[in-house]
Amino acid sequence: MISSIERRLTVQHRASEESKRVATVPGIGTLGASAITATVTDPSAFRSGRDFAAWIGLVPRQDSTGGKPKLGPISKQGDRYLRRILVIGAHSVLRRAKQNPEKYPWLTQLLARRPFKVMAIALANKMARVAWALLASGERYRAPRLAAA
(Lines give C-alpha, C1' and ligand atoms only; values in the text may rest on other atoms or scores of the structure.)
Protein backbone atom coordinates (compact mmCIF):
# COMPACT_ATOMS: atom_id res chain seq x y z
CA MET A 1 0.00 0.00 0.00
CA ILE A 2 2.63 2.53 1.09
CA SER A 3 5.06 1.50 -1.65
CA SER A 4 2.37 2.04 -4.30
CA ILE A 5 1.68 5.53 -2.92
CA GLU A 6 5.40 6.31 -2.95
CA ARG A 7 5.66 5.07 -6.53
CA ARG A 8 2.69 7.18 -7.63
CA LEU A 9 4.16 10.22 -5.87
CA THR A 10 7.52 9.69 -7.54
CA VAL A 11 5.90 9.38 -10.97
CA GLN A 12 3.89 12.55 -10.37
CA HIS A 13 7.02 14.38 -9.18
CA ARG A 14 9.06 13.33 -12.22
CA ALA A 15 6.28 14.44 -14.58
CA SER A 16 6.10 17.95 -13.11
CA GLU A 17 8.76 20.49 -14.05
CA GLU A 18 7.64 22.80 -11.21
CA SER A 19 7.98 20.02 -8.68
CA LYS A 20 11.50 19.23 -9.88
CA ARG A 21 12.51 22.89 -9.52
CA VAL A 22 11.08 23.20 -6.01
CA ALA A 23 12.74 19.94 -4.93
CA THR A 24 16.18 21.50 -5.51
CA VAL A 25 15.71 23.77 -2.47
CA PRO A 26 17.60 22.30 0.51
CA GLY A 27 15.11 20.77 2.94
CA ILE A 28 12.35 20.32 0.38
CA GLY A 29 12.47 16.86 -1.12
CA THR A 30 10.21 14.94 -3.45
CA LEU A 31 7.38 14.81 -0.94
CA GLY A 32 7.52 18.51 -0.07
CA ALA A 33 7.86 19.63 -3.67
CA SER A 34 4.95 17.46 -4.79
CA ALA A 35 2.77 18.73 -1.95
CA ILE A 36 3.61 22.39 -2.63
CA THR A 37 3.03 22.17 -6.38
CA ALA A 38 -0.20 20.21 -5.91
CA THR A 39 -1.52 22.74 -3.38
CA VAL A 40 -0.34 25.91 -5.12
CA THR A 41 -1.56 25.54 -8.69
CA ASP A 42 -1.44 29.31 -9.31
CA PRO A 43 1.42 31.14 -7.54
CA SER A 44 0.04 34.50 -8.71
CA ALA A 45 -2.74 34.02 -6.14
CA PHE A 46 -0.18 35.34 -3.63
CA ARG A 47 1.33 38.80 -3.97
CA SER A 48 4.67 37.68 -2.54
CA GLY A 49 6.51 34.86 -0.86
CA ARG A 50 5.68 36.52 2.43
CA ASP A 51 1.96 36.14 1.73
CA PHE A 52 2.53 32.49 0.82
CA ALA A 53 4.42 31.84 4.09
CA ALA A 54 1.62 33.57 6.01
CA TRP A 55 -0.97 31.43 4.21
CA ILE A 56 0.86 28.32 5.39
CA GLY A 57 1.02 29.70 8.94
CA LEU A 58 4.77 30.25 9.27
CA VAL A 59 4.63 33.82 10.56
CA PRO A 60 4.56 35.13 14.13
CA ARG A 61 1.21 35.97 15.66
CA GLN A 62 0.99 39.69 16.39
CA ASP A 63 -0.49 41.12 19.54
CA SER A 64 -0.34 44.89 19.44
CA THR A 65 -1.47 47.36 22.03
CA GLY A 66 -0.75 51.04 22.39
CA GLY A 67 1.21 51.08 19.15
CA LYS A 68 3.72 48.54 20.46
CA PRO A 69 3.76 45.40 18.29
CA LYS A 70 4.56 42.16 20.11
CA LEU A 71 5.43 39.09 18.09
CA GLY A 72 4.40 35.77 19.57
CA PRO A 73 4.62 32.15 18.43
CA ILE A 74 3.75 31.15 14.85
CA SER A 75 0.10 31.58 13.98
CA LYS A 76 -0.47 27.93 12.93
CA GLN A 77 -3.31 29.13 10.74
CA GLY A 78 -3.17 27.69 7.27
CA ASP A 79 -2.14 24.47 5.63
CA ARG A 80 -1.03 22.19 8.45
CA TYR A 81 0.46 19.54 6.16
CA LEU A 82 2.67 21.94 4.19
CA ARG A 83 3.79 23.64 7.41
CA ARG A 84 4.77 20.30 8.94
CA ILE A 85 6.72 19.20 5.85
CA LEU A 86 8.61 22.50 5.69
CA VAL A 87 9.45 22.46 9.41
CA ILE A 88 10.69 18.86 9.23
CA GLY A 89 12.83 19.79 6.22
CA ALA A 90 14.21 22.79 8.10
CA HIS A 91 15.13 20.53 11.03
CA SER A 92 17.05 18.34 8.61
CA VAL A 93 18.97 21.29 7.15
CA LEU A 94 19.81 22.59 10.63
CA ARG A 95 21.10 19.18 11.73
CA ARG A 96 23.34 19.13 8.64
CA ALA A 97 24.51 22.66 9.48
CA LYS A 98 25.51 21.51 12.98
CA GLN A 99 27.49 18.60 11.51
CA ASN A 100 29.16 20.67 8.74
CA PRO A 101 29.43 24.25 10.06
CA GLU A 102 31.83 25.26 7.28
CA LYS A 103 29.23 24.41 4.63
CA TYR A 104 26.45 26.48 6.26
CA PRO A 105 28.24 29.44 7.91
CA TRP A 106 25.23 31.77 8.06
CA LEU A 107 23.07 29.09 9.72
CA THR A 108 25.85 28.26 12.15
CA GLN A 109 26.11 31.91 13.17
CA LEU A 110 22.36 32.18 13.68
CA LEU A 111 22.26 28.92 15.66
CA ALA A 112 24.81 30.40 18.05
CA ARG A 113 22.37 33.25 18.82
CA ARG A 114 18.92 31.65 18.54
CA PRO A 115 17.31 28.44 19.82
CA PHE A 116 17.15 25.48 17.44
CA LYS A 117 13.35 25.40 17.10
CA VAL A 118 13.10 29.16 16.52
CA MET A 119 15.66 28.78 13.74
CA ALA A 120 13.74 25.83 12.29
CA ILE A 121 10.60 27.96 11.92
CA ALA A 122 12.56 30.86 10.45
CA LEU A 123 14.24 28.53 7.96
CA ALA A 124 10.91 26.91 7.06
CA ASN A 125 9.55 30.41 6.39
CA LYS A 126 12.52 31.12 4.13
CA MET A 127 12.09 27.80 2.32
CA ALA A 128 8.41 28.62 1.67
CA ARG A 129 9.35 32.02 0.26
CA VAL A 130 12.01 30.50 -2.01
CA ALA A 131 9.57 27.82 -3.21
CA TRP A 132 7.00 30.51 -4.07
CA ALA A 133 9.67 32.53 -5.93
CA LEU A 134 10.65 29.48 -7.99
CA LEU A 135 7.02 28.77 -8.87
CA ALA A 136 6.23 32.41 -9.69
CA SER A 137 9.35 33.13 -11.75
CA GLY A 138 9.92 29.76 -13.41
CA GLU A 139 13.63 29.94 -12.54
CA ARG A 140 15.85 27.28 -11.04
CA TYR A 141 17.20 27.38 -7.48
CA ARG A 142 20.69 28.85 -7.14
CA ALA A 143 22.48 28.16 -3.88
CA PRO A 144 23.82 31.34 -2.24
CA ARG A 145 27.53 31.84 -2.76
CA LEU A 146 29.78 31.90 0.25
CA ALA A 147 31.38 35.28 0.87
CA ALA A 148 35.15 35.30 0.95
CA ALA A 149 36.53 35.74 4.45
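Predicted model: local features only at pLDDT ≥ 70, side-chain atom pairs only at ≥ 80, totals over all residues.
Residues are numbered from 1 along each chain as its sequence is written, and side-chain values use heavy atoms, with hydrogens and water left out.

Helices are treated here as DSSP runs (H or I, at least four residues; strands are E, at least two), numbered from the N terminus. Two packed helices are described by the angle between their axes and the distance between the axes. Each axis is a line fitted to C-alpha atoms, for helices over the stretch in contact, and angles run from 0 to 180 degrees between N-to-C directions. For helix 4 (residues 49-56) and helix 7 (residues 116-137), the axes come within 8 Å and cross at roughly 125°. That angle makes helix 4 oblique to helix 7, given that angles under 35 degrees count as roughly parallel, over 145 as roughly antiparallel, 65 to 115 as roughly perpendicular and the rest as oblique. As for handedness, a crossing is right-handed if the near helix is turned clockwise from the far one by less than a right angle, and left-handed if anticlockwise.

Helix 7 also meets helix 6 (residues 105-113), and here the axes come within 9 Å and cross at roughly 140°. Helix 6 and helix 7 are therefore oblique to each other, and helix 6 passes helix 7 in a right-handed crossing.

Residues are called buried under 20% relative accessible area, exposed over 50%, and partly exposed in between (1.4 Å probe, protein chains only). Leu-134, placed in helix 7, is buried, with a relative accessible area of 6%. Between Leu-134 and Thr-65 there are 69 residues in sequence and 37 Å in space, C-alpha to C-alpha. In helix 6, Ala-112 is exposed at 68% relative accessibility. Ala-112 lies 40 Å from Arg-7, C-alpha to C-alpha, the two being 105 residues apart in sequence. Arg-113, also found in helix 6, is exposed at 57% relative accessibility. A distance of 22 Å separates the C-alpha atoms of Arg-113 and Pro-69, which are 44 residues apart along the chain.

Attention now turns to charged side chains. Side chains of opposite charge can pair when their charged atoms come close. With a salt bridge taken as a side-chain nitrogen of Lys or Arg within 4 Å of a carboxyl oxygen of Asp or Glu, the structure holds 3 salt bridges. One of them joins Glu-17 and Arg-140, whose closest N and O atoms are 3.0 Å apart. This pair links distant parts of the chain, with Glu-17 in helix 2 (residues 17-23) and Arg-140 in the segment after helix 7, 123 residues apart. Glu-17 is partly exposed at 37% relative accessibility, and Arg-140 is partly exposed at 47%.

Another salt bridge brings together the side chains of Arg-47 and Asp-51 (3.3 Å, N to O). Arg-47 is exposed at 73% relative accessibility, whereas Asp-51 is partly exposed, with a relative accessible area of 25%. Glu-139 and Arg-142 also form a salt bridge, and their closest N and O atoms are 3.2 Å apart. Glu-139 is partly exposed at 41% relative accessibility, whereas Arg-142 is exposed at 65%.

The surface also has a nonpolar feature. Met-1, Ile-2 and Ile-5 form a nonpolar patch there, with about 370 Å² of accessible area together. Patches are made of residues with over 30% relative accessible area and no salt bridge, joining like charges within 9 Å and nonpolar side chains (Val, Leu, Ile, Met, Phe, Trp, Tyr) within 5 Å. The accessible areas come from the Shrake-Rupley method with a 1.4 Å probe, and for residues only the protein chains shown count as cover. Met-1 lies in the segment before helix 1 (2-15) and is exposed, with a relative accessible area of 76%.
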